[in-house]
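User: Could you walk me through how to read the main features of this model?

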Amino acid sequence: MLDFKHLKGDLFGGLTAGIVALPLALAFGVQSGLGASAGLYGAMVLGLLAALFGGTDTQISGPTGPMTIVSATVVSMAIAKYGSVDNAWGIIVLTFLLAGVFQILFGVLKIGKYIKFIPYPVLSGFMSGIGVIIIVFQIFPVLGLASPSKIWNVFAGLPEAIYQYNMISVILTLSTILIIYILPKITKIIPSTLIALILLTLVSYFLHLDLPLIGEMPSGLPSLKIASLAQLNLSDINLALLPAITLAGLGTIDSLLTSVVADNITRTKHNSNKELIGQGIGNMAASLIGGIPGAGATMRTVVNFKSGGRTKLSGVIHSILLILIVLGLGKYVAYIPLSVLAGILITVGISIIDRRGLKNILNMSKADAFILLTVLFLTVFVDLLQAVGIGMVMASLIFMRKASEMVENTVSLEKVEKYDREIAWSDEANFSLQQDYVYIKRFDGPMFFGVASKMMERVNKIPANAKVIIFRMKKVPYMDQSGLYALEEVIKEMQKMGIIVVLTMTQPQPLYMLKKNRFVPGVLPKEYLFESIEDCTIWLKEYFEKQDKLNNPTDKL
């Protein structure tokens with residue numbers, strides 16, 4: 001049910017998101033191997049139906065980098081088997097259709113809640129690998145040449161390609177990248193990707209530059225591809241199953257991560273399973289008109305919210321704009337240089353790479369760093385789904401080993417636990433009585449990838465009048481990279497709200513993680529770490545005495 005009470009904001013949010021989506025949809029369509037029109041068809045249909053049936057009010061859906069990479073693999077395999085795109089439409093449509101079916105099934109079976117168990121190193125390596133793939137596949141288009149379908153062939157053919165490069169193509173790509181990065185520093189009124197696309201296309205057209213172009217797009221609304229399914233047999237269904245599961249799994253991860261981002265900026269709570277059903281319906285419908293599958297798009301979702309979008313109506317408006325573009329401006333898309341789209345995709349690839357994870361890789365535990373690099377390598381050179389699967393197994397085995405070590409250490413803690421608990425509860429009671437704006441939260445158990453997603457939920461449960469929050473870390477014997485980054489996000493969010501966060505009784509391993517990753521003092525000042533609840537009590541008393549003097553100054557005679 002559409003809500004019109006935020007009509008003005010939704011209108012501006014939807015229009016802005018649609019403008020941002022246009023160049024990306026064209027670029028992803030070309031990247032997929034099905035042409036720019038496939039990207040637009042996927043964006044307008046998925047965006048519309050995911051908005052209507054999904055579970056995240058402000059989410060904007062459409063083709064994304066990770067989904068396009070897998071779609072391109074599906075298309076290249078289909079063409080290799082059937083000889084041409086026209087002959088391969090049946091298996092392509094079936095694969096994309098089944099991906100939507102599996103997403104709906106994931107939603108019905110309530111699998112969405114298990115996405116939170118993906119460890120940070122696995123997710124970081126996976127996303128960085130996707131970013132690397134996108135960038136590598138743009139090397140040939142940047143040089144003005146057609147890109148090979150496999151990443152190994154890109155590297156193998158690079159020496160020969162360098163001798164055949166088109167300097168004008170390289171210049172247009174570099175110009176695209178410069179505009180995208182520099183223009184936002186001057187103005188953010190119009191998306192820099194759209195400016196780059198229009199401006200450099202006009203330059204190419206009026207100067208009659210000799211460059212590879214997108215070429216003619218079908219005019220009007222797309223035709224149904226249902227007839228192509230009639231030509232398939234049972235063996236074709238088996239061929240489509242694994243790629244469809246890969247797309248469905250990837251689309252699930254991609255969409256729900258964007259939903260979490262939307263929750264954080266809107267301070268709301270999405271419905272994971274409903275979101276998967278909406279994404280599945282959208283991807284099924286997109287496949288039937290020759291569109292590529294997609295997912296919730298983080299950048300477009302953030303742009304939508306910042307431009308005023310608050311309800312599902314903004315997603316609908318975004319799709320209507322794309323439909324109008326297909327109906328009225330399709331003929332002009334033919335003149336867009338492929339090198340400009342390559343520049344856009346390079347910036348997309350760079351944004352997908354997890355720079356924080358790679359930057360901190362030397363500060364991570366050896367196990368987390370090894371998992372991250374392994375998943376990154378497997379994503380780029382082997383298979384996306386296998387990369388995530390192997391990464392999950394590795395992370396689980398490492399955590400089980402850590403868990404066994406924690407059990408062994410439990411006995412040595414029992415002797416001091418009773419006394420510590422009595423002091424802690426007594427002090428907590430005193431805090432509650434004396435300062436109704438002090439909030440205390442005790443964490444029980446390790447902060448690892450299995451509980452990281454719960455961390456952000458704590459922000460919404462904090463009393464509105466809270467000024468200081470005390471995290472008791474006595475019962476946190478272990479912290480991995482996922483737990484560290486989740487804690488960092490929570491504390492940064494609280495700091496934005498003007499709340500001071502302090503940690504008490506932090507155990508050696510978590511404390512080592514905090515210092516090695518420069519969490520202390522980068523995020524949390526060193527003086528906000530206390531060895532005991534008593535030390536924290538003394539500091540708290542001094543802090544509020546200072547605050548009282550500042551708020552109620554006395555005149556000195």
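We go from the whole chain to a sheet, a salt-bridge network, a helix and a single residue.

User: What should I know before I start?

Analyst: This is a predicted model, so local features need pLDDT of at least 70 and side-chain atom pairs count only at pLDDT 80 or more, while totals for chains, interfaces and linings use all residues. Residues are numbered from 1 along each chain as its sequence is written, and side-chain values use heavy atoms, with hydrogens and water left out.

User: How many helices and strands does the protein chain have?

Analyst: Helices (H or I, at least four residues) and strands (E, at least two) are DSSP runs, numbered from the N terminus. Here the protein chain has 23 helices and 6 strands.

User: What share of the residues is buried?

Analyst: Buried means under 20% relative accessible area, exposed over 50%, and partly exposed in between (1.4 Å probe, protein chains only). Of the 557 residues in the protein chain, 54% are buried. A contact is a pair of heavy atoms within 4.5 Å. Among contacts in the protein chain with a separation of 6 or more, 84% come from residues 24 or more positions apart.

User: In what order do the strands of the open sheet lie?

Analyst: Two strands pair if DSSP finds at least two bridges between them. In this sheet, 4 strands follow the order β3-β4-β5-β6 with parallel pairing. At the edges are β3 (438-444) and β6 (529-530), each pairing on one side only. Further in, 5 bridges join β4 (residues 468-475) to β5 (residues 500-504), and Val 468 stands opposite Ile 500 in β5.

User: Which helix packs on the sheet, touching β4 and β5?

Analyst: For such angles, axes are lines fitted to C-alpha atoms, for helices over the stretch in contact, and angles run from 0 to 180 degrees between N-to-C directions. The helix is α20 (residues 481-496), and its direction makes about 160° with that of β4.

User: How many salt bridges does the structure hold, and where are they?

Analyst: A salt bridge is a side-chain nitrogen of Lys or Arg within 4 Å of a carboxyl oxygen of Asp or Glu. The structure holds 2 of them. In one, Glu 488 meets Arg 356 at 4.0 Å, N to O. Glu 488 lies in helix α20 and Arg 356 in helix α16 (residues 355-359), so the pair ties together parts that are 132 residues apart in sequence. Lys 492 also forms a salt bridge with Glu 488, with the closest N and O atoms 2.9 Å apart. Both of these residues, Lys 492 and Glu 488, lie in α20, 4 residues apart, about one turn of the helix. An α-helix has 3.6 residues a turn, so residues three or four places apart point the same way.

User: Do these partners form separate pairs or one network?

Analyst: Shared partners join Arg 356, Glu 488 and Lys 492 into one network. Glu 488 is buried at 11% relative accessibility, whereas Arg 356 is partly exposed at 29% and Lys 492 is partly exposed at 38%.

User: How do I read the length of helix α3?

Analyst: The expected span of a helix is 1.5 Å times one less than its number of residues. Helix α3 (residues 65-82) has 18 residues and reaches 26 Å from its first C-alpha to its last, close to the 26 Å expected. Its buried residues include Met 67, Ile 69 and Val 74. After α3 comes Gly 83, whose phi is positive, near 95°.

User: Is Ser 339 buried or exposed?

Analyst: Ser 339, found in helix α15 (residues 338-352), counts as buried because its relative accessibility is 2%. Leaving aside neighbours within four places in sequence, Ser 339 is in contact with Pro 141, Ser 169, Leu 172 and Thr 173.
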